[in-house]
Amino acid sequence: MPHADHVDVSSVLKGTPPAGTRVTVRGWVRTRRDSKAGLSFIHLHDGSSFDPLQIVAPNALPNYESEIRKLTTGCAVTATGTLTASQGQGQAVELQAESVTVVGWVDDPEGYPIQQKKTSFEYLREVAHLRPRTNTLGAIARVRHCLSMAIHRYFHERGFFWVHTPIVTASDAEGAGEMFRVSTLDLANLGAIPKTHDGRTDFTQDFFGKEAFLTVSGQLNVETYCLALSKVYTFGPTFRAENSNTSRHLAEFWMVEPEIAFADLAADADLAESFLKYILSALLNERADDMKFFADRIDKDCIRRVEAFVTSPFERVTYTDAIAALEKSGKTFEFPVRWGMDMQSEHERWLSEEYIKAPVVVMNYPKEIKAFYMRMNDDGKTVAAMDVLAPGIGEIIGGSQREERLDYLDRRLAEMHLDPKVYWWYRDLRRYGTVPHAGFGLGLERTIIYATGMGNIRDVIPFPRTPGQAAF
RNA sequence: UCCUCGGUAGCUCAAUGGCAGAGCAUCCGGCUGUUAACCGGAGGGUUGCUGGUUCGAGUCCAGCCCGAGGAGCCA
């Protein structure tokens with residue numbers, strides 16, 4: 001009889017190796033049901049797929065009464081036996097066990113946090129070390145991996161280079177939000193912190209000889225490689241020290257930021273559309289099992305929504321036209337609509353959900369509400385910025401064509417009271433072989449929320465960091 | 001940070017200011033090629049913390065801690 005050692009549950013469920021093969025599987029018990037016919041049914045998960053493998057353990061096994069009948073949710077076991085077509089409903093294949101070995105017991109079955117019945121996501125956050133054993137968090141982990149790999153694959157196949165931009169940054173420059181300070185000065189011993197003659201903290205004596213922070217964006221750094229390698233992206237963790245307490249914000253989250261040279265805003269929008277459709281198509285293709293679960297238990301519309309997203313062309317509208325449409329909508333908004341305002345979520349939602357009814361790219365925002373590095377349009381009032389708004393979630397991507405003209409950039413720095421000396425290397429890019437270039441940022445966690453219908457961003461990252469919370 | 005709601009058994013939740021309850025889980029028994037199995041029984045509580053009002057507080061009051069939803073900020 002053929003014997004394949006240590007087969008993943010996912011392979012078995014896909015029919016590899018075929019029925020009749022003798023295999024060993026390894027994993028954790030999800031449920032155990034005993035039958036008077038002299039059998040126990042064990043649903044075994046190893047995380048490789050959404051569905052478990054059913055192990056049929058006959059009472060002839062030597063450890064049947066002493067161990068198998070005592071298995072509870074969470075026990076780790078290995079089982080060896082022959083794959084057979086299932087006699088029962090609910091699964092095509094099952095393992096007829098000739099041996100079941102307990103690798104690790106649950107020593108406190110009643111107190112084991114992961115139970116078969118519903119538990120709240122709030123509770124599961126308190127046991128983040130065990131929650132990947134649940135259906136939902138396991139599915140999220142696989143979805144997260146699938147999207148991450150699709151991101152790399154999309155760029156790699158198109159000749160983009162992955163640039164490892166730094167996590168620690170001393171350019172207090174990105175302007176994307178409050179930053180976490182990085183320091184080796186001894187905060188626990190305030191008297192030992194070096195001071196300058198006027199009584200301020202002397203950061204020249206800190207580790208980097210200057211103030212340093214956790215990055216809020218790799219964009220400025222990745223632009224330097226863009227102007228050498230043409231097509232680049234950065235993908236990694238970013239940090240915001242904002243005191244945001246919402247279901248859509250994390251202090252530590254993952255962001256993808258491509259940057260393309262010889263490109264304008266239209267090319268940037270094209271890239272964003274092609275990119276989003278690629279990674280979400282990959283999700284539908286590769287994680288159909290998990291997506292079916294999300295549609296069944298979390299958000300019945302999620303598959304339809306993602307399918308519509310990847311097939312419908314993105315609408316494009318200028319900020320000015322969007323404001324005009326909002327003004328003519330006849331709707332009363334909590335925040336009144338006027339040209340020059342930063343759009344509120346209620347406005348973005350109306351645009352994508354009621355007016356366009358599709359993903360929409362809003363372009364050319366007033367310069368007053370956008371960052372210094374965004375390229376000035378010829379009207380002198382707007383900049384070449386774009387946001388991709390998705391029905392049901394709002395802003396999913398923010399991007400822009402960057403200002404490649406040094407005189408324009410310096411004027412913007414002055415307007416925003418920023419010190420050009422701090423940006424010396426960023427300005428150099430405009431002095432030495434400058435070219436039009438553009439890029440955008442996509443939040444990985446928000447993409448997962450959008451695709452799965454999960455209600456809280458803290459449940460789509462393994463170990464969420466939020467104000468007051470950095471357990472695990 | 002602001003507004004609103006919440007914190008009771010391992011989990012999900014009840015309980016008019018008057019005996020601390022149910023379902024699931026756990027344990028025991030029954031039944032069954034079972035599928036969130038089913039049926040019967042048992043054990044399981046410092047009601048988030050500190051103070052106050054009251055004959056009496058899970059319930060009312062104050063402060064604090066924690067969580068959720070919404071807002072702002074944004075990805």
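The dialogue below takes up the chain as a whole, then its sheet, and then its helices.

Q: How many helices and strands are there in chain A?

A: This is a predicted model. Chain A holds 12 helices and 17 strands. Taken along the principal axes, its C-alpha atoms fill a box of roughly 85 × 60 × 45 Å. Of the 472 residues in chain A, 50% are buried. As for contacts between residues at least 6 apart in sequence, 66% of them join residues at least 24 apart.

Q: In what order do the 8 strands of the open sheet stand?

A: Strands of a sheet pair through backbone hydrogen bonds, and the pairing may be parallel or antiparallel. In this structure, the order across the open sheet is β7-β11-β12-β17-β16-β15-β14-β13, with mixed pairing. At the edges stand β7 (161-162) and β13 (315-318), each of which pairs on one side only.

Q: How do strands β12 and β17 run, and how many bridges join them?

A: Strand β12 (residues 252-261) and strand β17 (residues 437-443) run antiparallel and are joined by 5 bridges.

Q: Which strands does helix α4 lie across?

A: Helix α4 (residues 219-229) lies across β7, β11 (231-239), β12 and β17. Relative to β12, α4 runs at about 30°.

Q: Which residues of helix α10 are buried, and why are they on the same side of α10?

A: An α-helix has 3.6 residues a turn, so residues three or four places apart point the same way. In α10 (residues 406-415), the buried residues are Leu409, Arg412 and Leu413. They lie on the same side of α10 because the arc they cover around the axis is only 100°. Among the elements that cover these buried residues is α11 (424-431). Just after α10, His417 takes a positive phi of about 55°.

Q: Which residues are buried in α11, and what covers them?

A: The buried residues in α11 are Tyr426, Asp428, Leu429 and Arg430. Their cover includes α4, α10 and β17. Just after α11 comes Gly433, with a positive phi of about 70°.

Q: At what angle do helices α5 and α12 pack, and how far apart are their axes?

A: Two packed helices are described by the angle between their axes and the distance between the axes. Helix α5 (residues 265-286) packs against helix α12 (residues 444-452) at an angle of about 50°, and their axes are 12 Å apart. The two helices are therefore oblique to each other. Ile279, Leu280 and Leu283 of α5 make the contact with Thr447, Tyr450 and Ala451 of α12. The crossing of α5 past α12 is right-handed.

Q: At what angle do helix α3 and α5 pack, and which residues make the contact?

A: Helix α3 (residues 135-157) packs with α5 at an angle of about 135°, with the axes 9 Å apart. That angle is why α3 and α5 count as oblique to each other. The passage of α3 by α5 is a right-handed crossing. On the α3 side, the contact includes Val143, Cys146, Leu147 and Ala150. On the α5 side, it includes Leu271, Ser274, Phe275 and Tyr278. Ile279, Leu280 and Leu283 of α5 are also among the residues in this contact.

Terms used. Residues are numbered from 1 along each chain as its sequence is written. Chains are lettered from A and ligands numbered from 1 in the order in which they are written. This is a predicted model: local features need pLDDT of at least 70, side-chain atom pairs count only at pLDDT 80 or more; totals for chains, interfaces and linings use all residues. Side-chain values use heavy atoms; hydrogens and water are left out. Buried means under 20% relative accessible area, exposed over 50%, partly exposed in between (1.4 Å probe, protein chains only). Helices (H or I, at least four residues) and strands (E, at least two) are DSSP runs, numbered from the N terminus. The arc is that of the directions from the helix axis to the C-beta atoms. Contact means heavy atoms within 4.5 Å. Two strands pair if DSSP finds at least two bridges between them. Axes are lines fitted to C-alpha atoms, for helices over the stretch in contact, and angles run from 0 to 180 degrees between N-to-C directions. Angles under 35 degrees count as roughly parallel, over 145 as roughly antiparallel, 65 to 115 as roughly perpendicular and the rest as oblique. A crossing is left-handed if the near helix is turned anticlockwise from the far one by less than a right angle, and right-handed if clockwise.
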